[in-house]
Amino acid sequence: MNSEIDLLTLGFVKYLEKLPCICNVTVVEKEPVDKVTITSWEQRNACILPNDLKNFYLAIDGMQIRWSMKLKEEAVPVGMIEINSIGRLRRVTPKMASMHSDLPTLTDIENDSESSTLSERNLLGGQATKPKYRNKCKVFLLDSCQGNGKVCLVYPIKEDAVEPISTTVPTVWFLDRALEWHYLASTMTAYLRLSLVHLGLPHWQYALTPWGLPSKTKVYLSGQCTPLWKEKSAS
């Protein structure tokens, strides 16, 4: 296995391969990009990538880790952790955010009076505001979550901003299938570590929403009994 993946994931793949109920662990990665490619993305999208994401792309241009679980002598695909390549770090528009073309878009259902939840405000030091397309925020797709939502890098736009390229610091948010935003992490690195703690299981992002994890995901997590998850559940 590539040493870069091992370092970036804190030895996660080796850990999976040692679990008796896990099989078919596969890693897909691309060659790193150069600084010219990063600069080109920033100029094209008028946004500065955060340093941790720049360093990620300078090490590997995106990654995907998949694994299956042994159930009754059958290998069932279960977990996946993915960070899009810089070429797939594309702008998410209100129409693209909608799961069905004939349903209302995010712009249609945004409510100017809607506020962030208390947990989101606490996580961002009292400054959290949900992404608003009406406020001209810029949203880029980090992970499509296999159709279960979208994990996005969100750049808030300052009302008094005059710079041709946004220098605001982006955060990571989850857009669920009901087109509701949920704060996940302050950086891509923090988001990746959350993915590792939750083993990349389907719908794990819902652990950080008011609805919590689906029952099936809880069963998978209970079956793995990861030390990190045990500590999180006990706290």
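This is a predicted model: local features need pLDDT of at least 70, side-chain atom pairs count only at pLDDT 80 or more; totals for chains, interfaces and linings use all residues.
Local features require pLDDT of at least 70 and side-chain atom pairs pLDDT 80 or more, whereas totals for chains, interfaces and linings use all residues. Residues are numbered from 1 along each chain as its sequence is written, and side-chain values use heavy atoms, with hydrogens and water left out.

The whole structure contains 6 aromatic pairs. Rings of Phe, Tyr and Trp (its six-membered ring) pair if their centres lie within 6.5 Å; planes under 30 degrees apart are stacked, over 60 edge-to-face, and the rest tilted. F174 and Y206 form an edge-to-face pair. Their ring centres lie 5.1 Å apart, with 80° between the planes. F174 sits in strand 6 (residues 171-175) and Y206 in the loop between helix 8 (188-197) and helix 9 (215-224), so the pair ties together parts that are 32 residues apart in sequence. Helices (H or I, at least four residues) and strands (E, at least two) are DSSP runs, numbered from the N terminus. Both F174 and Y206 are buried. Buried means under 20% relative accessible area, exposed over 50%, and partly exposed in between (1.4 Å probe, protein chains only). Elsewhere, ring pairs join W41, F140 and Y155 into a cluster.

Side chains of opposite charge can pair when their charged atoms come close. The count of salt bridges is 4 (a side-chain nitrogen of Lys or Arg within 4 Å of a carboxyl oxygen of Asp or Glu). One of them joins E42 and K54, at 3.3 Å from N to O. This pair links distant parts of the chain: E42 lies in helix 3 (residues 35-45) and K54 in helix 4 (residues 51-59), 12 residues apart. E42 is buried at 8% relative accessibility, while K54 is partly exposed at 21%. R88 bridges to E82, with the closest N and O atoms 3.4 Å apart. Here R88 is partly exposed at 37% and E82 is buried at 9%. D6 and K14 also form a salt bridge, at 3.4 Å from N to O. K14 is partly exposed, at 46%.

The structure holds 1 cavity of 30 Å³ or more. A cavity is a set of points on a 1 Å grid over the protein atoms alone where a 1.4 Å probe fits but cannot get out. Grid points are joined across faces, edges and corners, and a volume is the space filled by probe spheres set on the points.

Terms used: On a 1 Å grid over the protein atoms alone, a cavity is a set of points where a 1.4 Å probe fits but cannot get out, and a pocket is an open set with protein on both sides within 12 Å along at least five of seven lines; lining residues have an atom within 4 Å of a point.
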